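The report below describes helix packing, a ligand shell and a pair of individual residues. Please read it with the sequence and the model at hand.

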Amino acid sequence: MVSQMTSLSPSQAAPHPAPLVRVDDLRVRFVSRDATVRAVNGISFDLERGKVLCVIGESGSGKSVMMRSLLRLHPKKRTVIEGTMSVAEHDIGALSERAMTGLRGSLVSMVFQEPMTALDPLYRIGDQIVETVRRHEHVSRQAALARALELLQLVRVPSPERRLRAYPHELSGGLRQRIVIAMALACRPSLLLADEPTTALDASVQIQILVLLRKIQREMGMAMIFVTHDLGVAAQIADQVAVMYAGRIIEYGSAGDVLLAPQHPYTKAMLAATAKDQDRSLALEAIAGSPPDLRALPEGCNFAPRCKFAGPDCTVATPPPITDAGDHMARCIRVGIVAHKLTFSATTMPTI
Ligand SMILES: Nc1ncnc2c1ncn2[C@@H]1O[C@H](COP(=O)(O)OP(=O)(O)O)[C@@H](O)[C@H]1O
Ligand SMILES: [Mg+2]
């Protein structure tokens with residue numbers, strides 16, 4: 001079923017607009033006196049306008065480092081970034097500091113796991129949203145306040161007028177995350193980077209926020225890169241899925257392809273663990289062994305030491321991406337050889 005890249009079909013060869021996001025061979029390492037941490041090791045992907053890419057992988061696989069690179073949020077000192085990234089044809093590596101500041105929050109904004117990191121405890125919610133709007137747009141305070149109210153309505157904050165006058169600590173975690181999302185949407189970004197935005201919340205609140213984000217994303221035609229370690233969340237929200245392992249994308253494709261017909265043994269193991277115990281928080285830990293030390297990455301496939309299909313040929317060289325005609329990619333030299341004992345149907349997929 002899977003073979004080396006086949007020739008382009010006529011529909012693929014037709015001219016189409018440039019993707020909103022282009023990442024080409026991104027590499028990020030953190031250098032200290034004693035060691036070099038290789039957090040991202042050659043990531044490439046494109047994302048079309050209005051689409052949702054879900055990035056999944058164990059803790060420490062480089063998901064947040066990749067996201068922060070897109071907004072150039074790493075400390076300059078001791079961080080080495082290679083490769084190219086562009087958003088709406090802006091070359092992220094080449095932009096001036098000033099242009100980058102302008103881009104953050106307007107063209108691209110980001111929502112983090114912990115809403116308190118994005119909110120200032122000393123200021124009322126309304127003032128913080130007004131400030132965010134006015135940082136990017138020359139509008140009166142009154143117009144910005146009207147926008148703040150609209151935004152709270154958009155993210156379904158009850159009694160929005162009252163909440164505009166509240167301080168962050170007066171609100172629940174779920175409400176705070178809705179407000180952070182409202183602030184991220186304030187300037188109608190083309191791209192929202194969401195780094196595990198619901199992980200810190202109770203399951204029921206998590207679902208409400210996911211459904212809301214997906215709805216707003218569709219209505220606004222905004223693209224989103226959504227990081228999660230939860231496969232059920234990915235199934236709910238993704239158009240495309242990228243599975244990361246030790247700083248590489250080891251599987252990539254449409255949500256249906258990756259989650260229902262996984263090709264890489266790592267993705268299969270994750271899904272099998274999830275389907276078996278239904279407790280998604282345990283799913284990744286259920287794969288025996290642990291991820292490699294990013295300070296001393298082994299030769300060859302980084303998953304080989306934990307892979308039940310691995311042989312000596314797996315530790316010779318980094319597996320190349322093998323892509324089928326439908327753009328479903330896996331970095332595993334056994335793709336197409338390993339029998340697919342596991343098949344998933346939409347009904348056995350974990351749901352949130
Ligand atoms: N500023 C930094 N300096 C050194 N190591 C870092 C830094 N930021 C992240 N790392 C390391 O990079 C690896 C990937 O981290 P991260 O992207 O946060 O993983 P996750 O997939 O859980 O989001 C981890 O081993 C982390 O410790
Ligand atoms: Mg992270």
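## Helix packing, ligand shell and selected residues

I125, Q128, I129 and T132 of helix 4 meet I179, A182 and M183 of helix 7, two residues being in contact if their C-beta atoms, placed from the backbone, lie within 7 Å. By class, the residues of this contact comprise 5 nonpolar, 2 polar and no charged, where Ala, Val, Leu, Ile, Met, Phe, Trp, Tyr, Cys and Pro count as nonpolar, Asp, Glu, Lys and Arg as charged, and the others, Gly among them, as polar. This is a predicted model, in which local features need pLDDT of at least 70 and side-chain atom pairs count only at pLDDT 80 or more, while totals for chains, interfaces and linings use all residues. Residues are numbered from 1 along each chain as its sequence is written, and chains are lettered from A and ligands numbered from 1 in the order in which they are written.

The axes of helix 4 and helix 7 cross at roughly 20 degrees; axes are lines fitted to C-alpha atoms, for helices over the stretch in contact, and angles run from 0 to 180 degrees between N-to-C directions. Helix 4 and helix 7 are therefore roughly parallel to each other, the classes being roughly parallel under 35 degrees, roughly antiparallel over 145, roughly perpendicular from 65 to 115 and oblique for the rest. The axes of helix 4 and helix 5, by contrast, cross at roughly 115 degrees, and that makes helix 4 roughly perpendicular to helix 5. This second contact is made by G126, I129, V130, V133 and R134 of helix 4 together with R141, A144, L145, R147, A148 and L151 of helix 5, and its residues divide into 7 nonpolar, 1 polar and 3 charged.

| Helix pair | Axes come within | Crossing angle |
|---|---|---|
| helix 4 (residues 125-136) and helix 7 (residues 173-185) | 9 Å | roughly 20 degrees |
| helix 4 and helix 5 (residues 141-154) | 9 Å | roughly 115 degrees |

Turning to the ligand, the residues around ligand 1 are F30, V37, A39, G57, S59, G60, S61, G62, K63, S64, V65 and L294, a residue being near a molecule if its C-beta atom, placed from the backbone, lies within 6 Å of it. Strand 2 (36-47) and helix 2 (63-70) are the elements that give two or more residues to this shell, and the largest share, 3 residues, comes from helix 2. The shell divides into 5 nonpolar, 6 polar and 1 charged residues.

R72 lies in the loop between helix 2 and strand 4 (79-87). With 18 other C-beta atoms within 10 Å, R72 is partly exposed, a residue being buried at 20 or more such atoms, exposed at 12 or fewer and partly exposed in between, with C-beta atoms placed from the backbone. Apart from its neighbours within four places in sequence, R72 is in contact with I92 and M100.

S254, in strand 10 (residues 248-254), also counts as partly exposed, with 16 C-beta neighbours inside 10 Å. Its C-alpha atom is separated by 4.3 Å from that of Q240, 14 residues apart along the chain.

The chain as a whole has 12 helices and 12 strands, which are DSSP runs numbered from the N terminus (helices H or I, at least four residues; strands E, at least two). Of its 352 residues, 42% count as buried.
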